[in-house]
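Subject: Structure for you to look at

Hello,

I am passing on a structure that you have not worked with before.

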Amino acid sequence: MTELRIAIVGFGKIARDQHVGAIAAVPGARLAAVASRNASLPGVPHFATIEELLEKGPPIDAVSLCTPPQVRRAQAAAALAAGKHVMLEKPPGTGVAELDPLIAMAAEAKRTLFATWHSRYAPAVEPAREWLATRRITSVHISWKEDVRVWHPGQGWIWEPGGLGVFDPGINALSILTKILPRPVFVTAAELAFPANCQAPIAANLTLADISGLPVTAEFDFRQTGPQSWDIVVETVDGRMTLSGGGRRMAVDGRMLAEAPDEEYRELYRRFATLTVTGASDVDLAPLRLVADAFLIGKRTLVEPFVD
Ligand code: NAP
């Protein structure tokens, strides 16, 4: 197997928590460099910017962009122009249309563009999709509530335009939803709560449907203290399926049917390595389109200012 030499760009929380370990665990993948303005990893060649990396760095085949979404489009374009495969953290962009030229560039250059949705690789997601495929679904409810101060300390970008606010985790739920349901869903109504000092919502309630009128509701809240919830409950004529822990556990009427250790990021890098063999791309924009539509049609309310 040819070695895949990867540079991580944007060495923040998710790069440290997941990407470094996942790259080390996937045969054939190797962390060859880090590009980050303020952070580095001992023993790994370091560059301040992606431009410096591409110009002066060691030979690499791919970049994994772990920067905030607001700066990733330009970084992806630079990497593709330099002939590198590109892995994008979620969300793939700050807008939907900005992905089109990147998809075209990747196809032209025969390089992989992989827009990752890590939650889709949670261990109970595929079993949930399979179980639902043959059932009549009567309703879906998502409850995705976490404490932003615990999970995103000091991440000012999340509150800026394009940072998505509570949709930063909420889009993970939508990535699972769009994977496990047999038919596409669309947003019919949304309520977005914006802190008076922020450009992105701290909470959101969505109503969605599919072509048959399936009722789907979603509650996203960044103000949750105490127990956190990353749960999707699907009512069917054959019982209630609960996907909990962000897709790690699946139960039907309380009976656990799937539960396994988290290997989301290893799975992402295995998939990335496979895609790069042929230069194929994998860019599914369905979750981002739902968020964009929530911003398009959502009612907005102002709530108290957020102080980190
Ligand atoms: P983060 O901790 O803020 O790390 C991002 C890093 O990117 C920063 O440490 C910073 O490093 C660099 N950066 C920030 N602004 C930049 C700019 N304007 N230009 C260039 N580089 C910049 O954020 P994160 O939590 O790792 O999240 C990054 C992405 O991963 C987000 O899209 C997020 O949705 C996704 N993600 C996060 C998690 C999580 O649990 N945190 C989970 C899954 C996915 P330097 O200052 O060193 O340049």
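The notes below go through the domains and then the ligand.

Please keep in mind that this is a predicted model.

Domains

The domain assignment divides the chain into domain 1, residues 4–115, and domain 2, residues 119–263 + 292–303. Taken over C-alpha atoms, the centres of domain 1 and domain 2 are 27 Å apart. The two domains also touch: 10 residues of domain 1 are in contact with 14 residues of domain 2.

Where the ligand is

Where does the ligand lie relative to domain 1 and domain 2? The ligand lies between them, because both domain 1 and domain 2 give residues to the shell around the ligand. The space that the ligand takes up is the largest pocket.

What surrounds the ligand

There are 22 residues around the ligand, and those that come nearest are Ser 36, Asn 38, Arg 72, Gln 155 and Asp 168. Sorted by class, the shell around the ligand consists of 9 nonpolar, 7 polar and 6 charged residues.

For Asn 38, a side-chain N or O atom is 2.7 Å from an oxygen atom of the ligand. For Gln 155, the corresponding distance from a side-chain N or O atom to a ligand oxygen is 2.8 Å. For Asp 168, a side-chain N or O atom is 2.5 Å from an oxygen atom of the ligand. As for area, the ligand taken alone exposes 870 Å², and the protein buries 81% of that.

Regards

How values were computed:
Residues are numbered from 1 along each chain as its sequence is written. This is a predicted model: local features need pLDDT of at least 70, side-chain atom pairs count only at pLDDT 80 or more; totals for chains, interfaces and linings use all residues. Side-chain values use heavy atoms; hydrogens and water are left out. A residue is near a molecule or strand if one of its heavy atoms lies within 4 Å of it. A polar contact is a pair of N or O atoms within 3.5 Å; within protein, one must be able to donate a hydrogen and the other to accept it, and residues adjacent in sequence count only if both atoms are side-chain atoms. Accessible areas come from the Shrake-Rupley method with a 1.4 Å probe; for residues, only the protein chains shown count as cover. On a 1 Å grid over the protein atoms alone, a cavity is a set of points where a 1.4 Å probe fits but cannot get out, and a pocket is an open set with protein on both sides within 12 Å along at least five of seven lines; lining residues have an atom within 4 Å of a point. A molecule sits in a cavity or pocket if more than half of its atoms lie within 2 Å of its grid points. Ala, Val, Leu, Ile, Met, Phe, Trp, Tyr, Cys and Pro count as nonpolar, Asp, Glu, Lys and Arg as charged, and the others, Gly among them, as polar. Domain bounds come from an automatic or database domain assignment. Contact means heavy atoms within 4.5 Å.
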